[in-house]
Each structure stands twice: as structure tokens, then as C-alpha cells.
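Here is a short briefing to read with the structure open beside you. It starts with one term and then goes topic by topic.

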Amino acid sequence: MREINVSQITDVVERLCIEANTHLPSDVKCAIKDCRACEDWDIAKGVLDNIITNFEIADSENVPICQDTGMACVFLEIGQDVHLVGGNLAEAVDEGVRRGYTNGYLRKSVVGDPVRRGNTGDNTPAMLYTEIVPGEEIKVTVGPKGFGSENMSQIRMFKPSAGLQGIKDFILEVVETAGPNPCPPMVIGVGIGGTFDKSALLAKKALMRPIDSENPDPFYADLEKEMLEKVNELGIGPQGFGGKTTAIGLNIETLPTHIAGMPCAVNINCHVTRHKSEVI
Amino acid sequence: MERRITLPLTEELAKTLKAGDSVLVTGTIYTSRDAGHKRMCEALARGEELPIDPKDATIYYVGPTPAKPGQVIGSAGPTTSGRMDAYAPTMMSVGARGMIGKGARLPEVVDAMKKYSGVYFGAIGGAGALLAKCIKKAELIAYEDLGAEALRKLYVEDMPLVVIIDSEGNNLYESGRAAYLAQK
């Protein structure tokens with residue numbers, strides 16, 4: 001049994017909120033640069049050049065890459081041999097978000113009630129996801145999620161008879177419907193299986209996985225490649241102005257599901273796909 | 001080829017801009033997004049004056065991050081314009097001619113643009129750090145309680161924009177993609 005004070009989690013969350021919002025992960029930077037090298041449409045090249053200049057400015061000046069510094073999605077993988085002390089875990093995470101978004105000059109984009117609105121003023125609460133795993137460490141991942149792209153995400157409960165073709169058509173339909181709205185080039189997270197809610201969580205987790213990685217199951221690794229190619233044949237292009245680079249990455253995560261169903265969620269992210277992790 | 005233009009966006013200037021044109025814009029613009037538009041349109045419905053002079057004005061759909069010490073403004077890229085579609089025709093009816101944002105617009109907005117010679121410019125979504133460099137002055141003018149959504153008056157220099165929909169209703173989202181796919 002290892003004791004960890006929740007104040008340590010506050011400190012890590014604060015730091016990760018700021019770092020994730022100012023420094024784009026290297027896998028995303030590389031994917032954007034690779035796509036720029038392969039792009040063959042003039043206006044698209046210009047947009048991608050500006051996107052590269054933008055993340056370079058953010059890096060060197062320590063400023064947010066995008067003004068939508070997102071809702072703070074916080075994933076905690078908590079070792080089952082950890083004993084948390086010193087206070088309430090959820091409050092400790094929120095305190096980290098509060099400090100990160102205040103001290104890091106990040107935008108406060110959260111309303112306290114979905115219908116009656118009203119900004120909470122400190123970007124809390126975090127969207128907190130906890131998972132109990134073996135061991136005595138805690139892995140903290142912060143993935144600030146912007147809503148221009150979140151708003152273009154969709155979920156559908158397929159009949160099993162829809163099969164693989166149903167999934168493929170749905171992914172393309174979601175991207176087509178999203179069009180220029182989610183600031184393409186996009187990153188696409190796909191969750192297949194589980195229940196209604198779990199498929200959406202899988203799609204979100206797919207966005208946290210580096211885009212230069214692949215699904216360990218060769219069947220889904222091939223599907224990731226095939227669907228990324230198909231998405232990039234749509235011609236939407238960077239910002240929707242036309243071009244080859246509609247998406248820079250597509251990750252798929254799956255779970256077993258019920259004999260009667262085949263849930264599929266597609267979570268859309270923009271080229272500012274942010275995630276940063278640290279292990280306590 | 002980028003063309004330099006200077007605001008205000010008069011009807012004469014608006015009519016020279018065509019979908020697909022890359023422009024570098026200099027002049028005064030105003031910021032407003034969801035909550036600010038709602039308040040302005042409610043004010044107009046009550047017959048009140050707006051906190052901005054809408055004549056030939058250009059509105060940037062943006063909610064910037066807070067400025068760090070020494071900065072004019074924080075990161076300031078465009079937000080999704082479609083959420084302002086409910087308000088844009090009203091704003092154009094009182095003289096606001098230019099809109100800067102990203103993403104698709106409804107046919108009602110395009111109809112109003114044709115009627116009032118409006119222009120819809122695209123800024124690069126997600127390029128907030130780059131776009132902030134073009135903003136030389138920022139002044140809070142109304143609705144301070146809205147935080148990032150407050151109304152601000154900005155002075156921009158050589159802001160890189162693309163005409164997405166012009167005053168005749170031509171749309172780069174349609175023509176750009178079609179042209180790309182046609183040559184593939």
C-alpha cells in the first residue's frame with residue numbers, strides 16, 4: 001500500500017492543463033508536417049504552413065495554441081494499491097484545473113448548467129474519468145477538449161447486420177457532416193462496442209492515443225489506415241477550403257458488446273489535439 | 001496572391017471581394033460570439049442603440065484567452081460561425097457587413113449577405129497564437145460580465161483571411177472542394 005496525498009494530484013493537473021494547452025504533442029506536430037509535405041493543393045499548403053507557424057509560436061512564447069482551451073478532460077488510472085489521503089479526489093482535480101486555467105491565462109469556457117448557462121469563471125468542473133488498474137502508481141492524463149469539434153461528434157446504435165460496412169459508412173458520414181466546422185485537418189476517434197455510453201468513452205480515449213500508434217489488433221489497425229485514406233479522399237481539406245489533408249489521424253478503440261447491438265461513436269477533434277500525461 | 005484591404009468594409013469594397021480571395025486586413029473590427037450577439041439582438045428588439053456603431057462594421061467571432069502581462073490580447077482564433085446564424089441577418093440589417101469566423105453558414109445568412117452586400121471571411125481555426133500577432137490594440141467596450149464573450153474593439157494589421165462567401169453568395173467551401181476533386 002502506497003499513500004499519495006491528493007495535493008500532489010492538484011499540482012500535476014495544474015501543470016498538465018498549462019502544458020497541454022501550450023505545447024502540441026510531438027505525434028500531432030509530426031503528422032501535420034508529414035501531411036504538409038504530401039499536400040498538393042495550393043490553398044491547403046498555405047493553411048498548413050500557418051498551422052505549423054501557429055504551434056511554433058505557441059511553443060516559443062508559451063501561449064495557448066488555440067483560444068478554445070477546452071473543457072479539462074482528466075483521466076486518472078489509479079493503482080489498486082494506492083491509498084489516497086489529504087482530501088477529496090474530485091475536489092483536488094478541480095482545484096488543479098482552477099489553478100491551471102487561472103495561472104496559465106487559459107480561457108474559462110465552462111457553464112455551470114447546460115440549459116440555464118452561466119460561466120463558472122474557473123473552467124471547473126473537470127470531466128473526470130477514473131479507472132482502477134493494478135499497481136501503486138497514478139497516471140494522470142489531461143486532454144483539453146475544444147467544442148468546435150466536439151459539437152460535430154456523433155453516436156449511433158447499429159444493428160449487428162449493418163456489419164463493418166455500416167461502421168465505415170458512418171465514419172465518412174460524420175466527417176462529411178462536420179465539413180469545415182471542426183477546424184480540419186481533424187483527428188478522428190472511433191469507439192466501437194460496449195454500451196451506448198462506453199462507446200462514446202472509447203471514442204474519447206481513442207483521441208488520447210498518439211496518432212502515430214496503431215490498434216494492437218491487425219484487423220483494426222488496417223481499418224484505421226483504410227478509413228484515414230478514405231477520409232482524405234473526400235476533398236474537404238484544411239479548413240474546408242479543399243485539398244488532400246482532411247484528417248491527420250484516425251484511431252479506433254473497441255470493446256465486446258451485446259449479441260443484439262453494435263454501438264459506434266465518432267468523436268471529432270481538430271488539428272489541436274492536446275493530451276499530456278504524467279505518472280505519480 | 002494576397003491582397004491588402006483596409007476597413008471599414010464599405011459596400012463598394014465588399015463588392016470587389018470574391019470567394020477564394022486571400023486578403024490581409026487592416027483596420028478596426030469588433031469581437032462578439034454567442035452571448036454577445038444574443039444581447040445585441042435583444043437590445044435592437046427593444047429599440048435600443050448598440051454599444052458599437054454597426055455601419056460597415058466587421059465582427060470577429062472570437063472569445064480570446066486572457067492576455068498575459070505585456071500582451072495586447074491572448075490567443076484569438078475564430079469560433080464556429082454557425083452558432084451566430086440566428087443573429088447575423090439582424091446584424092446585417094443594421095449595417096454590419098463583415099463577419100470573420102470559420103465553418104458553414106445557413107442559406108438565410110447567405111440570402112442576407114446578398115441583400116446587404118455582406119462578406120464572410122474565414123480565419124484559420126485553431127491558429128489563435130498566430131492570429132493574436134495581428135491584433136495591435138484591444139479595448140473592452142461592453143458586456144464585461146461575459147468574460148471571454150465580452151465585446152471588444154480591436155485594431156488589426158495584415159490579418160490573414162480568406163473570403164469564404166462573397167456578396168453574390170459564391171461559397172469557397174463548395175467551389176474549393178469541387179475544384180480540388182475535379183483535378184484529382
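This is a predicted model: local features need pLDDT of at least 70, side-chain atom pairs count only at pLDDT 80 or more; totals for chains, interfaces and linings use all residues.

Two strands are said to pair if DSSP finds at least two bridges between them.

**Chain B as a whole**

- Chain B contains 6 helices and 7 strands.
- Along the sequence, these elements of chain B come in the pattern β-α-β-α-β-α-β-α-β-α-β-β-α.
- Chain B has a radius of gyration of 16 Å, close to the 16 Å given by the globule rule for 184 residues, so chain B is as compact as a globular protein of that length.
- Taken along the principal axes, the box filled by the C-alpha atoms of chain B is roughly 50 × 40 × 25 Å.
- Buried residues make up 47% of the 184 residues of chain B.
- If you take the contacts in chain B between residues at least 6 apart in sequence, 62% of them join residues at least 24 apart.

- Strand E5 (residues 119–122) of chain B is covered on both faces. Val119(B) and Phe121(B) are buried on one side, and Tyr120(B) and Gly122(B) are buried on the other.
- Together with helix H4 (residues 107–116) of chain B, E4(B) and E5(B) make a right-handed β-α-β unit.
- E5(B) also runs antiparallel to E7(B), and 3 bridges join the two.
- Within E7(B), Ile165(B) is the bridge partner of Tyr120(B).

**The nonpolar core**

- In soluble globular proteins, nonpolar side chains tend to be buried together.
- Here, the largest nonpolar core has 125 residues. The residues with the most contacts inside this core are Val13(A), Cys17(A), Ile188(A), Val266(A) and Phe121(B).
- Strand E7 (residues 151–165) of chain B gives this core its largest share, 9 residues.
- Beyond its neighbours within four places in sequence, Val13(A) is in contact with several residues, including Val74(A), Val93(A), Val97(A), Val140(A) and Val142(A). Gly96(A) and Gly100(A) are also among the contacts of Val13(A).

**Where chain B meets chain A**

- At this interface, 35 residues of chain B are in contact with 37 residues of chain A.
- Helix H5 (128–132), E7 and helix H6 (172–183) of chain B each supply at least two residues of the side that touches chain A.
- H6(B) gives the most to that side of chain B, with 7 residues.
- Sorted by class, the side of chain B that touches chain A has 17 nonpolar, 15 polar and 3 charged residues.

**Two places to look at in chain A**

- Is Leu24(A) buried or exposed? Leu24(A) has 24 other C-beta atoms within 10 Å, and 20 or more is enough to count as buried, so Leu24(A) is buried.
- Leu24(A) sits in the loop between helix H1 (6–22) and helix H2 (26–38) of chain A.
- Leaving out residues up to four places away in sequence, Leu24(A) touches Lys29(A), Phe55(A), Ile65(A), Val272(A) and Arg274(A).
- Gly163(A) belongs to helix H6 (residues 163–178) of chain A. Gly163(A) counts as exposed because it has 11 C-beta neighbours inside 10 Å, where the cut-off is 12 or fewer.
- Gly163(A) and Met262(A) lie 99 residues apart in sequence, with their C-alpha atoms 8.3 Å apart in space.

Conventions: Residues are numbered from 1 along each chain as its sequence is written. Chains are lettered from A and ligands numbered from 1 in the order in which they are written. A nonpolar core is a set of buried Ala, Val, Leu, Ile, Met, Phe, Trp, Tyr and Cys residues joined through C-beta atoms within 7 Å. Helices (H or I, at least four residues) and strands (E, at least two) are DSSP runs, numbered from the N terminus. Two residues are in contact if their C-beta atoms, placed from the backbone, lie within 7 Å. Ala, Val, Leu, Ile, Met, Phe, Trp, Tyr, Cys and Pro count as nonpolar, Asp, Glu, Lys and Arg as charged, and the others, Gly among them, as polar. The radius of gyration is taken over C-alpha atoms; the globule rule is 2.2 Å times the number of residues to the power 0.38. A crossover is right-handed if, with the strands pointing away from the viewer, the path from the first strand over the helix to the second runs clockwise.
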